[in-house]
Amino acid sequence: MTQRDNWGWRARIGLFIVGNEAVPEAEWWAMAPAGVSLHAARVTARAPWAGWRKDKSGVDLADDLLRGAKQFANMRLSAVVLGHTSSSVVGGKGWDDAAVKAVSPVIGDNAIVTTNGLDTMAALKASGVIRPFLVLPPWFGDDTVKTALRYYKEHGFELSGHHRYDPGRKWRDLPPAELVGQGMHLEQEVEPLHAQIRAACPKTADGVLIAGTGFRCVAIVEALEQDIGRPVISANQASLWHCLRLAGVRDAIAGYGNLLRS
């Protein structure tokens with residue numbers, strides 16, 4: 001008798017994730033169907049992970065992004081995602097396509113490359129959401145919040161409002177830029193997040209988008225949808241869904257929102 005070994009006989013998906021994050025892999029493994037394996041490369045570069053050239057003719061990959069892409073090239077992956085919301089929103093309109101264009105030749109023809117920005121927009125559209133309520137992690141500073149709002153507006157979404165998560169009394173007096181360094185991202189609880197979204201989501205919103213791949217939240221997606229009666233999309237949920245579809249895997253996955261059932 002053999003035991004399950006999580007071998008990716010149906011699809012292998014590569015994830016570029018932030019170097020000091022634990023959330024993306026945990027959430028992806030929680031949601032992934034049998035026969036799909038997940039493989040992470042860690043990136044320590046600042047956002048965006050691929051910088052625009054002066055003439056905006058394209059982007060140049062950060063060294064550790066390039067290194068990870070070269071390693072992924074030998075793994076016969078089905079899909080690869082640049083799992084970094086900040087890179088997409090800070091890079092701005094056009095960055096996602098430019099980054100895909102730059103990474104794809106390094107990884108090779110077999111793997112389809114995407115970004116978290118492309119994934120979340122595809123998920124919103126598939127869910128029929130055009131007026132999302134945007135929920136952002138507490139470590140997004142004011143400038144990053146503004147770029148995130150602009151990013152989704154420039155891509156045709158009519159934001160119904162936004163909310164930056166209040167991490168609680170222990171963390172409230174720290175500047176956003178210091179929260180991750182102090183470990184807040186590893187101590188975050190999901191129940192207060194559920195309560196804040198439920199209380200703040202406006203009636204005009206036709207769905208919720210929880211941005212940030214390092215923002216722990218997939219455990220509450222199903223409950224939120226039941227409570228507010230509207231689609232709830234999260235960064236990691238959207239990227240897993242999109243990568244599975246790009247890889248030709250169309251399993252209906254229960255427990256993590258209607259998107260993964262579609």
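**From a loop residue inward**

Guide: Ala 47 is in contact (heavy atoms within 4.5 Å) with His 84, Ser 86, Ser 87 and Val 90, leaving aside neighbours within four places in sequence. The model is predicted, so local features need pLDDT of at least 70 and side-chain atom pairs count only at pLDDT 80 or more, while totals for chains, interfaces and linings use all residues. Residues are numbered from 1 along each chain as its sequence is written, and side-chain values use heavy atoms, with hydrogens and water left out.

Ala 47 sits in the loop between β2 and β3 (50-52). Helices (H or I, at least four residues) and strands (E, at least two) are DSSP runs, numbered from the N terminus. With a relative accessible area of 33%, Ala 47 is partly exposed. The scale is this: buried is under 20% relative accessible area, exposed is over 50%, and partly exposed is in between (1.4 Å probe, protein chains only). Tyr 256 is 209 residues from Ala 47 in sequence, and their C-alpha atoms are 28 Å apart.

Now the open space. The largest pocket has a volume of about 820 Å³. Among its 30 lining residues, Ala 47, His 84, Ser 86, Trp 139 and Val 180 are the closest to its centre. The helices α3 (85-91), α6 (142-154) and α7 (176-179) each supply at least two lining residues. The lining has 13 nonpolar, 13 polar and four charged residues. Here Ala, Val, Leu, Ile, Met, Phe, Trp, Tyr, Cys and Pro count as nonpolar, Asp, Glu, Lys and Arg as charged, and the others, Gly among them, as polar.

How are such spaces found? Rolling a probe the size of a water molecule over the atoms shows where empty space is left. On a 1 Å grid over the protein atoms alone, a cavity is a set of points where a 1.4 Å probe fits but cannot get out; a pocket is an open set with protein on both sides within 12 Å along at least five of seven lines; lining residues have an atom within 4 Å of a point. Points are joined across faces, edges and corners, and a volume is the space filled by probe spheres set on them.

The largest cavity holds about 40 Å³. Its lining includes Leu 15, Trp 28, Val 81 and Asn 236. β1, α1 (23-31) and α11 (235-246) each give two or more residues. β1 gives the most, with three. The lining divides into six nonpolar, four polar and no charged residues.

Leu 15 belongs to strand β1 (residues 11-18). Leu 15 counts as buried because its relative accessibility is 3%. Beyond four places in sequence, Leu 15 touches Trp 28, Leu 38, His 39, Ala 40, Ala 41, Phe 72 and Val 81.
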